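Please read them with the structure open.

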2 protein chains.
Amino acid sequence: MKHTKVKDLLNSTQTLHEVNAKGWVRTFRNNQFIALNDGSTIHNIQCVVDFENTPEATLKRITTGAAVSVTGTLVESKGAGQKFEIQVSKLEILGDSDAEKFPMQPKKHSLEFLRENAHLRVRTNAFGAIMRVRSVLAFAVHQYFQEKGFVYVNTPVITGADAEGAGEMFQVTSLPLDNLPKTEDGAIDYKKDFFGKHTNLTVSGQLEGEAFAMALGQIYTFGPTFRAENSNTSRHLAEFWMIEPEVAFNDLHDNMDLAEDFIQYVIKYTVDKCADDLKFLEGRLLEEEKSKPQAERSEMALLEKLNFVLENNFKRVSYTEAIDILKNSTPNKKKKFNYIIEEWGADLQSEHERFLVEKHFKSPVIVYDYPANIKSFYMRLNEDGKTVGAMDILFPGIGEIVGGSQREERLDVLLEKMKVIGIDEEELWWYLDTRRFGSAIHSGFGLGFERLVLFVTGMTNIRDVIPFPRTPGSAEF
Amino acid sequence: MKHTKVKDLLNSTQTLHEVNAKGWVRTFRNNQFIALNDGSTIHNIQCVVDFENTPEATLKRITTGAAVSVTGTLVESKGAGQKFEIQVSKLEILGDSDAEKFPMQPKKHSLEFLRENAHLRVRTNAFGAIMRVRSVLAFAVHQYFQEKGFVYVNTPVITGADAEGAGEMFQVTSLPLDNLPKTEDGAIDYKKDFFGKHTNLTVSGQLEGEAFAMALGQIYTFGPTFRAENSNTSRHLAEFWMIEPEVAFNDLHDNMDLAEDFIQYVIKYTVDKCADDLKFLEGRLLEEEKSKPQAERSEMALLEKLNFVLENNFKRVSYTEAIDILKNSTPNKKKKFNYIIEEWGADLQSEHERFLVEKHFKSPVIVYDYPANIKSFYMRLNEDGKTVGAMDILFPGIGEIVGGSQREERLDVLLEKMKVIGIDEEELWWYLDTRRFGSAIHSGFGLGFERLVLFVTGMTNIRDVIPFPRTPGSAEF
């Protein structure tokens with residue numbers, strides 16, 4: 001008979017005469033009670049084995065991690081904590097799990113140990129919940145943009161451009177490294193490489209996205225991006241997923257409105273769809289924080305924090321205002337910041353962003369109109385001649401979650417900027433074409449998907465919200 | 001005032017006193033009629049300029065490709081072909097487009113020329129339509145799986161494994177190629193590379209997907225995959241997007257049911273949502289085929305073909321039956337095939353697949369239970385000891401669109417197979433863990449997304465259904 005998902009069994013509106021469930025044993029108590037999970041929900045279904053009529057040899061094989069098929073009756077449970085349970089009439093061991101060897105024992109494991117077993121950690125409650133939440137968040141991203149008529153664009157992963165300047169890039173090659181072809185003057189002959197040129201992994205789909213926005217009006221990307229930076233932190237990955245919408249005719253303020261509406265939509269969607277998983281993760285976080293000093297614990301529980309973001313507008317503050325706030329702040333005056341803010345033009349460090357978000361505004365914050373010389377070449381120069389229409393969204397505990405801008409649509413201004421910082425016109429000929437033919441104002445932003453998943457799940461290390469993290473020295477699996 | 005999308009203006013239920021539209025000029029006729037497009041729909045809105053009261057200098061700037069903003073009244077159109085048009089009261093040129101230089105002239109361009117201008121081709125009717133259809137198809141993929149409770153899994157793009165054997169791989173490195181670090185014995189010292197080992201771009205997320213299916217039950221991937229194969233054909237890309245569902249407890253026949261239901265769902269969703277774009281693409285195909293000899297033209301028009309797939313079950317035929325059909329076929333007997341089918345065990349070539357689909361069954365075909373020695377190591381060995389539970393779905397005009405299998409869940413059988421073909425156990429330790437701990441039958445398949453887009457749009461070259469194609473010698477943009 002066809003098996004029924006555990007989630008559907010637990011949500012049943014009635015007892016059922018004969019059901020079959022398949023899944024993995026989480027625990028087996030008293031030689032009688034199997035807690036069975038199949039990944040469809042955080043909850044296990046209790047399966048009551050008729051141990052008197054089950055061979056001892058079979059009972060011994062019901063171990064944590066084993067795959068089993070149980071057939072029986074779905075009855076109301078007398079035990080606490082579940083509405084239904086299965087009275088098992090037939091039990092089949094599908095795949096054994098040696099209790100001595102199975103790494104995912106029913107006990108607390110360190111997150112580091114779980115990372116080393118990324119192929120199995122998803123069989124734990126926490127990682128099952130995280131991965132379901134991640135999936136629902138990803139779908140919410142697509143649904144938001146599609147409902148609004150945005151076109152999903154798959155910008156290339158392998159790129160011949162390396163002028164974007166967003167960070168260090170990985171090289172992609174099919175040349176034999178132990179026998180590199182050389183030109184007459186001894187340089188590596190990239191004409192012989194697969195693409196006939198030097199290629200890298202993309203750091204952003206923005207430039208290609210802009211070209212498409214200047215034809216389709218509203219577009220978004222959602223794909224992997226890469227940084228070959230040796231940042232061994234809890235906030236950086238070498239491979240991560242980025243969401244980059246780009247909208248023709250939007251100015252910087254439209255851009256902020258879009259980003260805020262978007263973030264609130266996807267969080268609301270996920271809060272609605274993943275109540276059980278988020279409740280579990282809220283409990284996990286509370287438990288984890290018990291070992292921390294009071295001052296380092298979160299001020300709000302997970303769901304309270306998510307609802308706070310839904311119910312409150314993000315505070316919008318210009319860079320100039322932010323600098324004033326920081327200059328006059330207690331930690332700045334008392335020289336508690338590592339980087340003392342002395343004058344306009346300083347780059348904001350993580351400590352400053354956290355002060356603004358967590359201490360001063362106690363809310364997500366959008367900082368906009370940054371000094372031109374600390375931001376990217378493609379950002380639109382404001383009328384003041386010294387700031388650009390950039391905006392960063394800062395989140396509590398996460399820091400920068402969104403970086404965006406109105407793009408420089410004026411060909412002459414853009415060319416001048418590229419000249420000053422030394423970007424070759426020839427290299428970006430196609431990007432400049434968008435300014436040569438029917439240019440118009442447009443804006444967009446990038447949101448690092450894993451940082452959003454961090455925020456929503458309450459996890460603190462970005463390696464724990466992506467299936468198989470890629471970091472310096474680590475590309476296992 | 002806020003602009004309204006062209007799509008919404010054309011779908012208006014009433015005339016409107018004041019509206020604003022922004023977009024790009026497709027054509028400008030009689031110094032009076034602008035065909036304006038903003039990418040929200042294949043249709044242009046006609047904007048009637050009051051040329052007597054518009055400065056000559058402004059009229060001259062209304063050229064193909066220019067970005068303009070028009071304000072005026074939405075009135076019923078007297079002209080044929082549109083319900084509404086805008087009587088323009090105010091016109092603003094946002095961005096000029098030099099009519100002499102703009103590559104996308106309002107005339108027929110070769111597909112090759114358009115590929116060289118992939119950043120601008122999306123401003124044509126055909127490529128606008130293709131990219132909207134692609135986007136809707138992608139969303140349908142997510143919606144199908146999410147509705148069924150599948151978890152979206154982002155498997156890694158950079159991988160340390162190269163045992164998958166699905167094809168040639170690109171190497172990813174951050175080592176300086178002109179100054180490679182060497183070990184004492186002169187080999188390249190990959191310990192110094194970013195990940196401390198030799199890494200490649202993934203050819204498939206299947207193995208990681210299997211590990212997740214053995215915890216979450218039903219998962220799917222949808223991300224970029226890579227082949228460093230020098231295949232300069234109309235069906236191959238070096239970088240393409242792949243969809244790979246994997247389901248615990250599914251056997252090969254469940255797998256075929258899933259694949260068929262999935263393909264029918266996403267095509268139906270797209271036919272419903274993209275009627276205008278598909279109608280245009282149907283016309284384009286008809287036009288294109290006029291230059292072909294009768295025998296090479298499609299038997300069905302585009303929408304007829306799509307509806308045929310929706311209304312008819314895919315024919316299922318075992319490899320053994322397929323070989324019998326082919327052996328006794330006229331082209332085989334008359335030696336018209338390049339590869340004559342002589343006996344059981346032969347690999348099916350594209351010409352054989354096309355014969356089965358286009359001549360014999362005249363329907364999508366699922367061929368299953370292939371000889372073990374022409375298929376991958378992870379496919380489940382059947383009871384006969386010589387075939388594996390593989391299945392390929394073959395589509396008219398496209399050939400193989402899906403390749404899938406029931407996976408070998410028996411550790412001993414899998415190890416033996418790996419040993420025979422020389423795959424190192426150590427390398428796939430984590431994959432083997434899924435068979436060591438709670439193994440169970442499971443199945444999945446891979447669908448090359450661009451081949452699906454090809455089929456649905458009626459295009460014939462895969463380079464025309466992805467924004468910026470990556471092929472040998474070509475990584476522009």
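1. Chain contact. In this predicted model, 112 residues of chain A are in contact with 111 residues of chain B. The two chains bury about 8500 Å² between them. Carbon and sulfur atoms give 66% of that area. On the chain A side, A:Phe194, A:Phe249 and A:Phe437 lose the most area to chain B. Together these three phenylalanines account for 9% of what that side buries.

2. In A:Lys2 and B:Asp254, the side chains meet in a salt bridge, at 3.7 Å from N to O. The cut-off is 4 Å, so this pair qualifies. Between chain A and chain B there are also 38 residue pairs in polar contact, both residues at pLDDT 80 or more.

3. Make-up of the chain A side. Which element gives the most residues to the side of chain A that touches chain B? Helix α4 of chain A, residues 125-147, does, with 11 residues. By class, that side of chain A has 53 nonpolar, 36 polar and 23 charged residues.

4. Domains of chain A. Chain A is divided into domain 1 (6-102) and domain 2 (123-168 + 203-464). Their centres, taken over C-alpha atoms, are 44 Å apart. Domain 1 puts 9 residues into the contact, and domain 2 puts in 8 residues.

5. Area between the domains. Domain 1 and domain 2 of chain A bury about 660 Å² between them. Carbon and sulfur atoms give 45% of this area.

6. Polar links between the domains. The count of salt bridges between domain 1 and domain 2 of chain A is 0. Polar contacts do occur across this interface: 4 residue pairs, both residues at pLDDT 80 or more. The side of domain 1 that touches domain 2 has 3 nonpolar, 5 polar and 1 charged residues.

7. Salt bridges overall. The structure holds 46 salt bridges over all chains. Side chains of opposite charge can pair when their charged atoms come close. One set forms a network in chain A: A:Glu112, A:Arg115, A:Arg121 and A:Asp464 are linked by salt bridges.

8. A pair across the chain A sequence. A:Glu210 and A:Arg435 form a salt bridge through their side chains, with 2.8 Å from N to O. This pair links distant parts of the chain, 225 residues apart. A:Glu210 lies in helix α5 (residues 206-216) of chain A, and A:Arg435 lies in helix α13 (residues 429-436) of chain A. Are these two residues buried or exposed? A:Glu210 is buried because its relative accessibility is 0%, under the 20% cut-off. A:Arg435 is buried too, at 5%.

9. A pair within helix α7 of chain A. A:Arg284 and A:Glu288 form a salt bridge, with the closest N and O atoms 3.2 Å apart. Both residues lie in helix α7 (residues 275-289) of chain A. They are 4 residues apart, about one turn of the helix. A:Arg284 counts as buried because its relative accessibility is 16%. A:Glu288, at 22%, counts as partly exposed. The boundary between these two classes is 20%.

10. The pair in chain B. B:Glu288 forms a salt bridge with B:Arg284, at 3.2 Å between the closest N and O atoms. Both lie in helix α7 (residues 275-289) of chain B, 4 residues apart. B:Glu288 is partly exposed at 22%. B:Arg284 is buried at 16%.

11. A buried histidine. B:His352 lies in helix α11 (residues 350-361) of chain B. Its relative accessibility is 0%, so B:His352 counts as buried. What does B:His352 contact, leaving aside its neighbours within four places in sequence? The contacts are B:Leu326, B:Phe337, B:Tyr339, B:Ile341 and B:Asp347. B:Tyr339 is 13 residues from B:His352 in sequence, and their C-alpha atoms are 8.6 Å apart.

Technical notes:
Residues are numbered from 1 along each chain as its sequence is written. Chains are lettered from A and ligands numbered from 1 in the order in which they are written. This is a predicted model: local features need pLDDT of at least 70, side-chain atom pairs count only at pLDDT 80 or more; totals for chains, interfaces and linings use all residues. Side-chain values use heavy atoms; hydrogens and water are left out. Helices (H or I, at least four residues) and strands (E, at least two) are DSSP runs, numbered from the N terminus. Buried means under 20% relative accessible area, exposed over 50%, partly exposed in between (1.4 Å probe, protein chains only). Domain bounds come from an automatic or database domain assignment. Contact means heavy atoms within 4.5 Å. Buried area is the accessible area (1.4 Å probe) that two parts lose on being put together, summed over both. A polar contact is a pair of N or O atoms within 3.5 Å; within protein, one must be able to donate a hydrogen and the other to accept it, and residues adjacent in sequence count only if both atoms are side-chain atoms. Ala, Val, Leu, Ile, Met, Phe, Trp, Tyr, Cys and Pro count as nonpolar, Asp, Glu, Lys and Arg as charged, and the others, Gly among them, as polar.
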